[in-house]
Amino acid sequence: MLDQESYINDLLQRFNVADCNVVATPADPNQKLTKEMCPNTNEERKQMESVPYRELVGSLQYLAQSTRPDICFAVNMVSQFCQNPGKAHWTAAKRILRYLKGTKAMKLTYSKDSEEAFVDYSDADAGNDPDTRRSITGYVFKQAGGAISWSCRKQATVALSTMEAEYMAVSAATQEAMWWRGLREELHGVSEAVQIRCDNLSAVHLAKKEVGYSPRSKHIDIRHHFVREKLAQNR
């Protein structure tokens, strides 16, 4: 088992929220952070100068990358405003601490007796960013009953449909899967296809070439179509 409960306790003390009320989710599902929430006047910027926003976000990023994939999405959101954070962004960052207070004992648990195959789950939130309308890619790889690799990041281009956003997420997951397959083969001599699970049927059909020419998919960048090649090779 892996956890960082002691580190979380230190964060709660450092940012003076040890006595805060806990919340059930790391991010408010009814709020979207935007650039419009950033300070627009010198007075507003001066008020935020004393706020340790970058320090908190950096600490949360370390935690999200180490043992807490459940806060990756929320941390990804608040990290986009480190240059000029506003009060709403600061409140959102502190909300993550409130969530962590209630879940600090959560652990990544692995078992040698787990029968779960090496598998990846990929997903995308289409057009989630209100400023750029870019989608968010997320994936998590599991082995021995626990998460071993995860990522949450904004896509490089604007997806024109939910199918395209999901397909780009599968593309990113496939690149990670190829690295893990190579590592497993080098360490253990295991050479088997990696399962990648996607919840969008159109993206699955596109990856498997079960759909032909379509005005909705012809524009998709060729770099994402290597998913098809790997499927054809049963990689």
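Biologist: How many salt bridges does the count come to?
Modeller: Keep in mind that this is a predicted model. Side chains of opposite charge can pair when their charged atoms come close. The cut-off here is a Lys or Arg side-chain nitrogen within 4 Å of an Asp or Glu carboxyl oxygen. By that rule, the count is four.

Biologist: Take arginine 68 and aspartate 70, which meet in a salt bridge. Which of the two counts as buried, and which as partly exposed?
Modeller: Their N to O distance is 2.8 Å. Buried means under 20% relative accessible area. Aspartate 70 is at 28%, so it counts as partly exposed. At 3%, the buried one is arginine 68.

Biologist: Lysine 142 forms a salt bridge with glutamate 116. How many residues apart in sequence are the parts that this pair ties together?
Modeller: The closest N and O atoms of lysine 142 and glutamate 116 are 3.7 Å apart. Lysine 142 lies in strand β2, while glutamate 116 is in the loop between α5 and β1, so the parts they tie together are apart in sequence by 26 residues.

Biologist: And where do lysine 154 and aspartate 129 lie?
Modeller: Those two side chains meet in a salt bridge at 2.8 Å, N to O. Lysine 154 lies in strand β3, so the pair ties together parts 25 residues apart, with aspartate 129 in the loop between β1 and β2.

Biologist: What does isoleucine 96 touch, leaving out residues up to four places away in sequence?
Modeller: Isoleucine 96 is one of the residues touching the most other members of the largest core. With those sequence neighbours left out, its contacts are Pro26, Leu60, Ile71, Ala74, Val75 and Val78.

Biologist: I see cysteine 38 and cysteine 82. How many disulfides does the count come to?
Modeller: Cysteine 38 is buried at 13%, and cysteine 82 is buried at 18%. A disulfide is a covalent bond between the sulfur atoms of two cysteines. The rule asks for cysteine sulfur atoms within 2.5 Å. The count is zero.

Biologist: Tyrosine 53 and tryptophan 90 form an aromatic pair. How many residues apart are they?
Modeller: A search of the whole structure finds six aromatic pairs. This one is tilted, with 6.4 Å between centres and 55 degrees between the planes. Both tyrosine 53 and tryptophan 90 are buried. Tyrosine 53 sits in helix α3 and tryptophan 90 in helix α5, and their separation is 37 residues.

Biologist: What kind of aromatic pair do tryptophan 179 and tryptophan 180 form?
Modeller: Tryptophan 179 is exposed at 51%, whereas tryptophan 180 is buried at 16%. Planes over 60 degrees apart decide the class. The centres are 5.1 Å apart and the planes are at 90 degrees, making the pair edge-to-face.

Biologist: Which residue lies over the face of phenylalanine 118?
Modeller: Phe118 forms one aromatic cluster with Tyr139, Phe141, Trp179 and Trp180. Over its face, at 4.5 Å from the ring centre, lies arginine 184.

Technical notes. Residues numbered from 1 in each chain as written. Predicted model: local features only at pLDDT ≥ 70, side-chain atom pairs only at ≥ 80, totals over all residues. Heavy atoms only, no water. Buried < 20%, exposed > 50% of the residue type's maximum accessible area, 1.4 Å probe, protein only. Helix = DSSP H or I, 4+ residues; strand = E, 2+ residues; numbered from the N terminus. Core = buried A, V, L, I, M, F, W, Y, C linked by side-chain atoms within 4.5 Å. Contact = heavy atoms within 4.5 Å. Phe/Tyr/Trp six-rings, centres within 6.5 Å; stacked < 30°, edge-to-face > 60°. Lys NZ or Arg CZ within 6 Å of the ring centre and 35° of its normal.
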